[in-house]
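Q: Please take a close look at a single part of this model. I would like one connected account.

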Amino acid sequence: MKISRYYMPTFREAPAEAELISHQLMLRAGMIKKVAAGIYNWLPLGLRSLRKVENIVREEMNRAGAHEVFLPVVQPAELWKESGRWDAYGKELLRIKDRHEHAGCLGPTHEEVIVDLVRGQLRSWRQLPVNLYQIQEKFRDEIRPRFGVMRSREFGMKDAYSFDADEAGAAKSYSQMYVAYARIFARCGLEFRPVEAATGQIGGKFSHEFMVLAEAGEDTLAVCPKCGYAANLEKAEAKVTQQPETDAEPPLQKINTPGQKTVEEVCAFLKVAPQKLVKTLIFESDQGPVAAMVRGDRELNPSKLQSLIGAAWLEMATPERISEVTQGPLGFSGPVGLKIPVYLDQEVALLKNFVTGANEKDFHYLNTNLARDFKAAQIADLRVAVPGDLCHRCGAEFKFQKGIEVGQVFKLGLKYSQPMNAAFLDQGGKEQFFVMGCYGIGTSRTVAAAIEQHHDPNGIIWPITVAPFQVYLAPINYKEERTKQAADRLESELEALGLEVLLDDRDDSPGVKFKDADLTGIPLRIVVGEKTLAKESVEFKLRSAPDKTLVPVGEAAAKAKTLVEEQLNQIARQAEAAEQSALKEIS
């Protein structure tokens, strides 16, 4: 492919709005172009990498026994109402109406549609298990799209859905997808880590996220260096190290705290440590209002609370709702006298004589105690893990890393099949609901994540498997007849060996060509020029290494083929190692 015939507009500078290096480099390399906030055109160079990611995903999904389908982007509201998510999903769901005033949405995910597809079709246990997947565009109306295709409103995704007859079958399907994901991300040349995760808006019983390790990641991972436990910060469980307090319990005392609302203000006013003040936070959920309590020096983890109470959705209550529920204003909430369920972080349960709000303006309670002054609906780990915390499994200190979520696998159970009445007949002829799993990969995000992990100050350094081309052929003074003939002949030889070649036939200086070669990150650069040809040679340089070598012209195509195959074989070995590691982790 000659650059003069290829639509690949490159730029020396990136727009000021591009914060992440992947966003900057994708714009500069002519891979994407912004249409609107969170919506991008994919240009030919970017699309080649995206399609390579998709092909790796497709090959591994097929290898795992899944079958590809293609589902509609527009989904009817009726299906979402059946599952209960039409009102619960939130503002990210872009709701629309057609000319007949029929309500629908642009699909952010396809659980409802896939359940509707199989119900009535899969009628017997003999037809199970089934795993159906698609690779398609999704739309989520992000409140603040940013970072290019890393967090866009419209994005590429592979989503798969498994249907099993029982929990044992569903666990097997989950394990197969876990292993397939490990192979996919290893084949994409990524350093990644599976971590336990919250199920979020998808719901279900259990989940793992696949995180690409990168400082630009929005997610924080808690990793145990001793036992290997790893979890997203939303899920990470820390070991409780303090002992239960055994102090005597003085009477509950209401004290005036005029204008003191924040933890810092109340602690300073009462001269107590933040560990002895307990925050009471009020939330709204589909289960009704609930209260949650954590120490003043801790942060509550809403995901843990939502999972604990089994809520489809959970959000902070408004000041007006707090006043209605507690009979007091924001900043003075406490558990004493509350008529809603109170959920307690496990550290709070160890305290005696702590400070809480009194549900009255400008008043707090001293000497609040569990059991005597209020009851807890449940005690659990509800706080965010922090540096210095210990692993709840082995007691080693957590290490924290940044990661980019590129995939997630869920055990859904009956969350969608039961409300949507998707059932089959078991071996005894009895009707049972499908036990489901759900498995997503952000294909467009994976492209960006690869760049975040593989770049230098000069541009992208593509893993060979997802590079848009394998060879960047850069003739110096292409108009010179001998150079042109040598470059054209080498291009033909390389392509005859099955290599993907981008020939820079532009009438530009060597510096411009070399900068674009580095910027676009194509793994192997071959320079053809009068100086090299005078030695009957061409110059080879791997994008991932600083060295340049001269290769005889007659051996250049075979040498390029060998170098490309070496890189492909290395990644294939990494995929095999990732598979073996995943099998151990999930067993």
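Which residue is the bridge partner of I526 in β30?

A: The partner is F540. This is a predicted model, where local features need pLDDT of at least 70, side-chain atom pairs count only at pLDDT 80 or more, and totals for chains, interfaces and linings use all residues. Residues are numbered from 1 along each chain as its sequence is written, and side-chain values use heavy atoms, with hydrogens and water left out.

β29 and β30 pair in the antiparallel sense over four bridges. Strands here are DSSP runs (E, at least two residues), as helices are (H or I, at least four), numbered from the N terminus; two strands pair if DSSP finds at least two bridges between them.

Both belong to an open sheet of five strands, ordered β28-β27-β29-β30-β31, with mixed pairing. β28 (501-503) and β31 (548-552) are the edge strands, each pairing on one side only. On average, neighbouring strands are turned by 25° against each other, direction ignored. Helix α13 (residues 556-586) packs on this sheet and touches β29, β30 and β31. Contact means heavy atoms within 4.5 Å. The direction of α13 makes about 10° with that of β30. Axes are lines fitted to C-alpha atoms, for helices over the stretch in contact, and angles run from 0 to 180 degrees between N-to-C directions.

Now the second largest cavity. α11 (510-520), β29 (524-528) and β30 (537-542) each supply at least two residues of its lining. A cavity is a set of points on a 1 Å grid over the protein atoms alone where a 1.4 Å probe fits but cannot get out; lining residues have an atom within 4 Å of a point. The lining includes L524, R525, K541 and L542.

Definitions and conventions. 1 Å grid on protein atoms, 1.4 Å probe; cavity = no way out; pocket = protein on both sides within 12 Å on 5 of 7 lines; lining within 4 Å.
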